[in-house]
Amino acid sequence: MQKLATLLGSGEQDLCCLMSKSAEKPEVVQLPAEPAAAAPVANRRAAAQRVREARDRLTSTSGTRPAFDSELLRQYAQTRLSASYVVMLLVVTTGVLFGFWVPPVSAAAWTCGLLCIHTAIIRCCGQFIAAQPTLTAATRRWRTRFIVLDLLYGLGWTALLIHPSGFDAVSNTLIMFLMLLVIAVSSMLAASLPIAALAATAPVTAAIAVNFVLSGTFDNYVLALFALAAEGYFALLAHRLHSATLATLEARAEKDALIGELEQAKAISDEARHRAEAANVAKSRFLAQMSHELRTPLNAILGFSEVMKSEIFGAHTVPVYREYSADIHNSGVHLLNLINEILDLSRIEAGRYELNEEAVSLVHVVADCHHLLKLRASNRGITIHEVFEQAMPRVWGDERAVRQIVLNLLSNSIKFTPQGGEIWLKVGWTASGGQYLSVKDTGSGIAENEIPIVLASFGQGSNSIKSAEQGAGLGLPIAKSLIDMHGGTFTLKSKLRIGTEVVVTFPPERVMSALGPMSEEAPPLQPENPNTKAAEAGQISRNKPILSAGTGL
């Protein structure tokens, strides 16, 4: 028990020490760094493609994708079927020609045997195209079958071309010609399946080369080397054709994959657009309903609070009630202005804010807004200076929108300018021939990194948060959106503890002096009468001089 009490006492002392240390100097704990951002879409797509290709190579028989194996076999079968009559003509012609060197019965038997092998190849190709196998095991079986048939086809040609060389020059020339022809045709037909092409040509080349070497003459040695070189050349050519075909298949697969991704992205974007449109409609309905539901009781609150504040029906028994009524009225006016700003911003963002354009004098609008807010500025001891250029023409714009822009900018300057500060209102010409409005104050200013924040909807800077007069953060975004609708520019420049200046410019196309005359003719004041037109035409015809016959006039 004593040890337990001692441990508890020491634990309490340590806890008290820790609490006193934390109270004296709080410990700063560094938060773990945020995880790295996800890889871009392109990198993820490339990594997924590399993994897919590696998996396909492991499951493929030729080192390519399984889909490519099936497609290559399909092209091989189609090529064989399309050239079947050409191969049959070559076999028959060769049998007839060799009937002059060998017994006709042997030539006929060789021709029939090779035609049977060719028929088996054509039949297998037709069955493969009709079956269209997609499984890897089935593709491997068909591939092996084609290779065996091509090997038999090459051995068939070998049985004929091993005719003893050196019989005469014509025999050797004919053998070389037939060998080159057989190798070229077989390499072209089996280019989609290089192993089958090698199986069909290698026996022929090997047999002829050995036959020439066994003859023992220098000329036949040269012919043997030529036969091997021809085999290498056509094998390389078949490999290049196979690579080109494979590259075409890969490009088509990538195109199909890209089309699939585009279709999927389009479906996702369409669904997102439908959701956004539905959300926008729901937001519009909500704002319309809430504006009505809020304005109806607000009108009653504003009306009765103004009656109570003005003491129309008699003085209050308790004088404090009058101050309470004034607070209620001011709060209601603030809430009503906030609702109007939210509705204006929602209409602008939805593209439903329509400008009622007319000729507006920018100087007069700024002067009127100054007159409206002059009392508020005077109560805070703020001096407002006006610097207007004379004889400024009117601009083509929405007077209500221009007035709202000036009121938002000027009220913000008054709100964030300390007592005894100054505000300058300037209206003048821009270098390009437009007009500008500048509102500059000596307030607390805005940090440079906070300018994008205050220009965003419901955004407030640090000085605004610390200020006693907090707003909704909609004045500057609404002003910027309205000037953008007029095709102008909105520039905000500010420095901490120096002040803020906002410059709004209207383009030269909106200055009335720069507008050209309308090309359309004005409609007539009275509708034209067809009878009047006919009478005027008759009067003109009567006034024309009558030509006398023979006068030559």
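**Notes on the predicted model**

1. The chain exposes about 34,300 Å², and carbon and sulfur atoms supply 62% of that area; such areas come from the Shrake-Rupley method with a 1.4 Å probe, and for residues only the protein chains shown count as cover. This is a predicted model, in which local features need pLDDT of at least 70 and side-chain atom pairs count only at pLDDT 80 or more, while totals for chains, interfaces and linings use all residues. Residues are numbered from 1 along each chain as its sequence is written, and side-chain values use heavy atoms, with hydrogens and water left out.

2. The chain has 16 helices and seven strands (DSSP runs numbered from the N terminus: helices H or I of at least four residues, strands E of at least two). Of its 553 residues, 34% are buried (buried is under 20% relative accessible area, exposed over 50%, partly exposed in between; 1.4 Å probe, protein chains only). Among contacts (heavy atoms within 4.5 Å) with a separation of 6 or more, 71% join residues 24 or more positions apart.

3. The largest nonpolar core comprises 47 residues (a core is a set of buried Ala, Val, Leu, Ile, Met, Phe, Trp, Tyr and Cys residues joined through side-chain atoms within 4.5 Å). Phe146, Tyr153, Trp157 and Met179 have the most contacts inside it. At least two residues of this core come from each of α3 (66-82), α4 (84-98), α5 (104-131), α6 (136-161), α7 (169-189), α8 (194-215) and α9 (218-310). Another core lies apart from it, with 43 residues, including Ile382 and Leu474.

4. Beyond its neighbours within four places in sequence, Met179 contacts Leu161, Val204, Thr205, Ile208, Ala227 and Ala230.

5. How do α4 and α5 lie relative to each other? Their axes, lines fitted to C-alpha atoms over the stretch in contact, come within 9 Å and cross at roughly 170°; α4 and α5 are therefore roughly antiparallel (an angle over 145 degrees, on a scale from 0 to 180 between N-to-C directions). Residues meeting there include Val91 and Phe98 in α4, and Trp110 and Leu114 in α5.

6. Ser305 lies in helix α9 and is buried, with a relative accessible area of 4%. Not counting residues up to four places away in sequence, Ser305 touches Ala300, Ser325, Ile328 and His329.

7. Glu311, in the loop between α9 and α10 (320-349), has a positive phi near 55° and is partly exposed at 25% relative accessibility. Ala391, in the loop between β2 (383-388) and β3 (395-398), has a positive phi of about 55° and is exposed at 75%.

Conventions. Parallel < 35°, antiparallel > 145°, perpendicular 65-115°, else oblique.
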